[in-house]
Amino acid sequence: MNSFSRSLPMTLYRTLDAVMPEFRAIFSEFDLTEPQWRVLRVLWEHDGASVVDLAGATLITAPSLVGVLDRLQQAGLIARRPGQTDRRRVRVFLRPRGRTLERRVRPMVEAAYTRLQRALTPAEWHALYGALDRLIDVRTAEAAHQASLGVRKAVAARRTALLRRLGGAASAKRTAASAVRRKRP
């Protein structure tokens, strides 16, 4: 095992600490928080995104996102509208002031990003993204697999409990164990 300071989570935190100050200074100049920036960044590419889609794209939980959207709306940067076919599905749209902000902020963020990219060769930059994307893909697939196993185990446990109530405890254990084995990929 790596030392704590060389663990992957700590290395990623240190990377954020090294990378984010320049971006935070830009956000601060325009009175934006990081979560507000993430929402605007998505809307600049996908105006009219649903609140659910924004939560997924920005990695902001739904309860927190409501507050972020409230503040962006109060600032006149966005507007929320109910969906045309399903009023429960709220969509978020940029207001003219949100588009104006994009024209002012985006060049500064792109310049900061260019300076950041110069720290690595193009091959290193590509490899960094490739490795991180691969890690995300593998861990996401593993989490989905673990979730499906949890469902299978829960179904097997319910089946076992039902069979026990019906009086076949030994038979129930064998049935549950074989059900879990049959469903493994």
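User: How are helices defined here, and where is T58 placed?

Analyst: Helices (H or I, at least four residues) are DSSP runs, numbered from the N terminus. T58 belongs to helix α3, residues 51-58. This is a predicted model, where local features need pLDDT of at least 70, side-chain atom pairs count only at pLDDT 80 or more, and totals for chains, interfaces and linings use all residues. Residues are numbered from 1 along each chain as its sequence is written, and side-chain values use heavy atoms, with hydrogens and water left out.

User: Is T58 buried or exposed?

Analyst: Buried means under 20% relative accessible area, exposed over 50%, and partly exposed in between (1.4 Å probe, protein chains only). T58 is buried because its relative accessibility is 3%.

User: Which residues does T58 contact, leaving aside neighbours within four places in sequence?

Analyst: Contact means heavy atoms within 4.5 Å. By that rule, T58 touches R38, V39 and V42.

User: How many aromatic pairs are there in the whole structure?

Analyst: Rings of Phe, Tyr and Trp (its six-membered ring) pair if their centres lie within 6.5 Å; planes under 30 degrees apart count as stacked, over 60 as edge-to-face and the rest as tilted. The search finds five. One of them joins W37 and W44 edge-to-face, at 5.3 Å centre to centre with 75 degrees between the planes. W37 is buried at 11% relative accessibility, and W44 is buried at 6%. Y113 and W125 also pair edge-to-face, at 5.9 Å and 85 degrees.

User: What does the pair of Y113 and W125 tie together?

Analyst: Y113 lies in helix α5 (residues 96-117) and W125 in helix α6 (residues 122-165), so the pair links parts 12 residues apart in sequence. Y113 is partly exposed at 32%, while W125 is buried at 16%.

Terms used. Helix = DSSP H or I, 4+ residues; strand = E, 2+ residues; numbered from the N terminus.
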